[in-house]
Amino acid sequence: MTYKLFSLSILLIFLVLLSACTTKQAIDSYTINSPYKLEIKEHNSQMSPILKQVATTQPVVALSFNGLADKESTLRLLDELDRLKINATFFLPGMRVAEEPELALEIKQRGHEIQNNTLNYELMSDKNYEQTYVEIELSNQILEKELGIKPTLVRSRSGDYTDKMRLVTSQLGMSAVVSYSINLTNNNEQVNTTDLDKLISRGAIIHLNSYLNEEIINSLEEINKIAKENRLTLTTISEVLNNSYTKLPLEKIEILHPIQFNSNFVNAKPDIFLSNTDSKKEVALTFDDWASDIQITKVLDVLDNYNIKSTFFLIGKGVEKNPNLAKLIIERGHEIANHSYNHLEVTALSPNDLQQDILRAHKVITEAIQQEPLPYFRPPKGVIDEESAKVITSMGIQTIVLYDVASYDWDLSFNEFDIYRRVTERTNPGSVINMHILDNTKTVEALPLIIEKLQSEGYTFIKLSEWIELNGIDQ
C-alpha cells in the first residue's frame, strides 16, 4: 500500500477542486501550513453499506436535512424544530462549517445530530477515488475540529451514492453512505407532502434540503402531524439505528424447507387445506395481502388486545417495500406464509412464470423476517386448478391453503357490519376465515365485532400451523 502525506489549505482546496485540475495535481501544487492534514490511502476493495431505510420494528422515522442555509433561515428552522420537539440529523458541508462554525455549533447545542455532507456540497457522480477521499476526509476533519464530533455517516448533496463513496467511507472506518427512502423535495425544489401518509413507515429516512428553509419551515408541522397520525416518532438517524436489529443477507439465513424451481411437476401430489372438519369449536383467522404501516399496526393491535395469533399470507412486492412490517408481524407472535409476489391469478400464468413469482416472494419474505416462512401458499383470490396446484407443490410448497369463509372485507362498499354479518353467519367449527390487510377498508372496525361474537359462542382462535401439523404435515 502506498501513501501520500499532504498539508492542505482548506480554502485552496476549495478553489482548486472547482478548477479543472486533477486532485493529485491540486495536492502536489498546494502544500502549505494548515491544521488539516490529509493522508490518501489506497482502498482494500471493501465497501461500506448504503443506508436507505433502517431495519427496525420500532415506530421511529429519521428526519434529515442536507446543506446549511444562511444564519437567519437556519435559526428559524431550529426554532420550529424546538417548538415541535423534534431532534433531526443535519448533514453539513465541511466548507460551510469552516465558514460559520458558530452556526453549526448552534445546531449541535440544540440537540440535533450532525453528519458529513462532503466538503464542497457537490454531486459525487463524476468524482474519482482521490477526489472523493478529499471531499469526505477533509469534511470529517473540519467537523471534528470545529464541533468536536467524529462523523460516522456521509451523504452527498442529492442523496445519490457511488462505489467510490462506499470505498472511501469503508477505508475511513465510517458506518455507511446514507441515501433516503422518502424524498420530499420535488424537481422544482419544492416540498411535497401529498403522498407522505402512504409512504411513511417505521425505519424510513426522510430527506429535505435545508436551503429551502421557507418551505421546510412551513411543511414541518404537516410532516410531524402525518407521522403522529401513523403513530410514528420523528428523530435522528442514529436514534433510529439504536433501535435497529441485525439483518442477515438471504444466503446466511438457515433454510430447512427449500423452495426452488422444478419443471418436473406432473406427478406432484398437492395437499390442499380448506378447513378442519375434525375441529372442536376452533377457527383460524387468516389475513391476506399488504397495507400501509398504520393499517397493519392497527390490525396487530386488535389481535393483541384479544390475545389472538393468526396466519398472514403476504404479497412479496409489498413486503419488499417495507420489510420492517413483516418482521413486526413475526415479533408479535403471528406466522407468515406466501401469497405470491405480484398477486396474479395462478391459473393464468405459465408454469415457469408461476414458479418464478412464488420463488421471488419466498426470497423477499425470508430476508424480511430473517427466517423462512411457513411452507404454505395461498393463491390470490383463492383461484386454483389441478395443474397450477401441481406446479406449486413441486417447488417444495407443502400445503396450499384455501378457506371456507370469505369476509369480502376487501370490498370498499362493505361497512364493518356487513363484514361482521358475512363472517359470523358462515363460520362453523374448523372454519378458515379469510380477511385482508388492505388500506381504506373497514377490516379494523369489523375485527372486534367478529372476535367478540365468536368468543361469545364458545369459539377459540388458532394459527393454521396447529391444524396442519395435526393433519400430518411436518413443517
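For the charges counted here, Lys and Arg are positive and Asp and Glu negative, with His and the chain ends left out; each charge is placed at NZ of Lys, CZ of Arg, CG of Asp or CD of Glu.

This is a predicted model, in which local features need pLDDT of at least 70, side-chain atom pairs count only at pLDDT 80 or more, and totals for chains, interfaces and linings use all residues. Residues are numbered from 1 along each chain as its sequence is written, and side-chain values use heavy atoms, without hydrogens and water.

**Exercise 1. The whole protein**

Task: Find how far apart the mean positions of the positive and negative charges are, and describe the protein as a whole.

Solution: 
- Step 1. There are 46 positive and 65 negative charges, and their mean positions lie 2 Å apart.
- Step 2. Next, the elements: the protein has 18 helices and 20 strands, where helices (H or I, at least four residues) and strands (E, at least two) are DSSP runs numbered from the N terminus.
- Step 3. For the extent, the C-alpha atoms fill a box of roughly 85 × 50 × 35 Å along the principal axes.
- Step 4. Of the 475 residues, 54% are buried. Buried means under 20% relative accessible area, exposed over 50%, and partly exposed in between (1.4 Å probe, protein chains only).

**Exercise 2. Strand S5 and its partners**

Task: Work out which strands pair with S5, and in which sense.

Solution: 
- Step 1. Strand S4 (residues 60–66) pairs with S5 in the parallel sense over 3 bridges; pairing asks for at least two bridges found by DSSP. Ser64 stands opposite Thr89 in S5.
- Step 2. Follow the chain from S4 through helix H3 (residues 71–84) to S5, and you trace a right-handed β-α-β crossover. Right-handed means that, with the strands pointing away from the viewer, the path from the first strand over the helix to the second runs clockwise.
- Step 3. Strand S6 (residues 113–116) also pairs with S5 in the parallel sense, over 4 bridges, and Leu92 has Asn116 of S6 as its bridge partner.
- Step 4. Now look at the two faces. In a regular strand the side chains alternate between the two faces of the sheet. In S5 (residues 89–92), Thr89 and Phe91 are buried on one side, and Phe90 and Leu92 are buried on the other.

**Exercise 3. Strand S19**

Task: Explain why strand S19 counts as largely enclosed by the rest of the structure.

Solution: 
- Step 1. Strand S19 (residues 432–436) is largely enclosed because 5 of its 5 residues are buried.
- Step 2. Val432, Asn434 and His436 cover one side, while Ile433 and Met435 are on the other.
- Step 3. Strand S13 (residues 282–289) pairs with S19 in the parallel sense over 5 bridges, with Thr286 opposite Asn434.
- Step 4. Strand S18 (residues 405–406) runs parallel to S19 and is joined to it by 2 bridges; here Ala406 stands opposite Asn434. The chain passes from S18 through helix H16 (residues 416–426) to S19 in a right-handed β-α-β crossover.
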